[in-house]
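Dear colleague,

Please find the structure below for your records. My findings follow it, beginning with the interface between the domains.

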Amino acid sequence: MTMTITLNGEPHRIAAGSRISDLLASLDLPAKKVAVERNREIVPRSTYADVTLADGDALEIVHFVGGGQDDDAKDTDHWEVAGRRFTSRLIVGTGKYKDYAQNAAAAEASGAEIVTVAVRRVNVMDRSQPMLTDFLDPKRFTYLPNTAGCFTADDAIRTLRLAREAGGWNLVKLEVLGEARTLYPEMAETLKATEILVKDGFDVMVYCADDPIAAKRLEEAGAAAIMPLGSLIGSGLGIQNPVTLRLIIENAKVPVLVDAGVGTASDAAVAMELGCAGVLMNTAIAEAKDPIMMARAMKLAVESGRLAYRAGRMGKRRYADPSSPLAGLI
């Protein structure tokens with residue numbers, strides 16, 4: 001005897017009396033790598049063998065998709081977010097690569113310790129499809145689940161709760177978009193989602209507009225890090241408003257990282273010279289002619305920009321000032 005459930009938006013027939021663990025086994029899905037939502041309620045992984053499915057149930061099964069430190073790095077300059085310490089100030093995304101192998105090679109070349117990951121439905125029709133976790137070891141990289149593609153606070157909250165169930169991570173990246181053409185952040189929904197997620201025990205790194213007032217409100221709502229855009233997501237336009245970024249940095253008591261718009265290494269260096277704690281990027285590496293080489297370039301740019309910031313820039317002058325002394329000229 002069989003019954004019909006809705007699985008990831010599609011009708012799916014299973015044996016009557018099946019448990020969630022039975023369904024996962026029939027799909028050859030490892031329980032440790034997925035999260036399950038039943039009728040819009042997250043099912044704790046520890047109860048998969050106890051939950052019996054009913055005719056008409058609606059299930060979502062999701063996983064993470066692509067949306068280290070050098071041995072000789074002895075510098076103690078590090079940054080912290082939500083009590084976690086990192087040496088690399090470059091965070092890389094995992095989307096737009098040719099395949100997961102290229103993605104993994106670029107992540108290694110970048111020296112990143114944090115990678116952003118999107119939460120998407122598992123392809124239950126083709127179990128031969130690889131999973132990101134097979135290429136980027138969550139024990140080596142800190143996974144930063146994000147809400148890419150969410151346009152409401154409710155969708156973003158639901159996505160991150162599923163992400164926490166799938167991987168157990170509380171450190172997350174929130175982005176709530178206003179509209180599809182610019183992917184500009186919708187700040188009212190972003191603030192609403194931040195407040196709810198913080199109360200729910202998440203450590204929230206928040207993508208936001210380069211608005212000092214809005215950034216401060218997010219910090220007051222409990223954001224663990226502020227992530228203003230340098231320019232539009234995927235545009236490669238670089239840092240368009242360094243003045244407001246500097247104001248956000250000067251006014252913040254939490255890390256500020258540029259998120260979005262970086263196109264090449266000099267853009268990353270500029271962000272770091274402004275005093276950012278770090279830079280997050282995806283498209284600039286993934287769409288380069290040689291992503292592995294660009295990942296290495298971005299690593300060096302972030303490091304050099306940080307060193308320049310720490311060293312302190314010389315003052316600007318209206319007129320020339322000779323490098324060599326004039327005294328003693330022949």
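**Domain interface**

Arg158 and Glu37 form a salt bridge, with their closest N and O atoms 2.4 Å apart; the term denotes a side-chain nitrogen of Lys or Arg within 4 Å of a carboxyl oxygen of Asp or Glu. The model is a predicted one, in which local features need pLDDT of at least 70 and side-chain atom pairs count only at pLDDT 80 or more, while totals for chains, interfaces and linings use all residues. Residues are numbered from 1 along each chain as its sequence is written, and side-chain values use heavy atoms, with hydrogens and water left out.

The chain is divided into domain 1 (2-63) and domain 2 (79-311), with bounds that come from an automatic or database domain assignment. Across the interface of these two domains the rule finds one salt bridge. Three residue pairs between domain 1 and domain 2 are in polar contact, both residues being at pLDDT 80 or more. A polar contact is a pair of N or O atoms within 3.5 Å; within protein, one must be able to donate a hydrogen and the other to accept it, and residues adjacent in sequence count only if both atoms are side-chain atoms.

On the side of domain 1 that touches domain 2, strands E3 (35-38), E4 (41-43) and E5 (58-65) each supply at least two residues. The largest share of that side, four residues, comes from E5. Helices (H or I, at least four residues) and strands (E, at least two) are DSSP runs, numbered from the N terminus.

In terms of contact (heavy atoms within 4.5 Å), 23 residues of domain 1 meet 16 residues of domain 2. The area buried between the two domains is about 1,800 Å², and carbon and sulfur atoms give 56% of it. Buried area here is the accessible area (1.4 Å probe) that two parts lose on being put together, summed over both. Lys33, Ile42 and His63 supply 33% of the area that domain 1 buries against domain 2, more than any other three residues. The domain centres, taken over C-alpha atoms, are separated by 31 Å.

**Overall chain**

The chain contains nine helices and 15 strands. Its C-alpha atoms fill a box of roughly 105 × 40 × 35 Å along the principal axes. Of its 330 residues, 47% are buried, where buried means under 20% relative accessible area, exposed over 50%, and partly exposed in between (1.4 Å probe, protein chains only).

**Helix H5**

In helix H5 (residues 212-220), the buried residues are Ala214, Ala215, Leu218 and Glu219. Seen down the helix axis, the buried residues of H5 fall within an arc of 145 degrees, so they line one face of the helix; the arc is that of the directions from the axis to the C-beta atoms. The face turned away from the buried side of H5 carries the exposed residues Ile213, Arg217 and Glu220. The cover over the buried residues of H5 includes helices H4 (187-199) and H6 (242-251) and strands E12 (203-208) and E13 (225-228).

At the start of H5, a side-chain oxygen of Asp211 reaches to within 2.9 Å of the backbone nitrogen of Ile213. Gly222, which follows H5, has a positive phi, near 110 degrees.

**Positive phi in two alanines**

Most residues other than glycine have a negative phi. Ala82, however, has a positive phi near 50 degrees; Ala82 lies in the loop between strands E6 (79-81) and E7 (84-86). Ala260 has a positive phi near 95 degrees and is placed in the loop between strand E14 (257-259) and helix H7 (265-273). Ala82 counts as partly exposed because its relative accessibility is 34%, whereas Ala260, at 10%, counts as buried.

Yours sincerely
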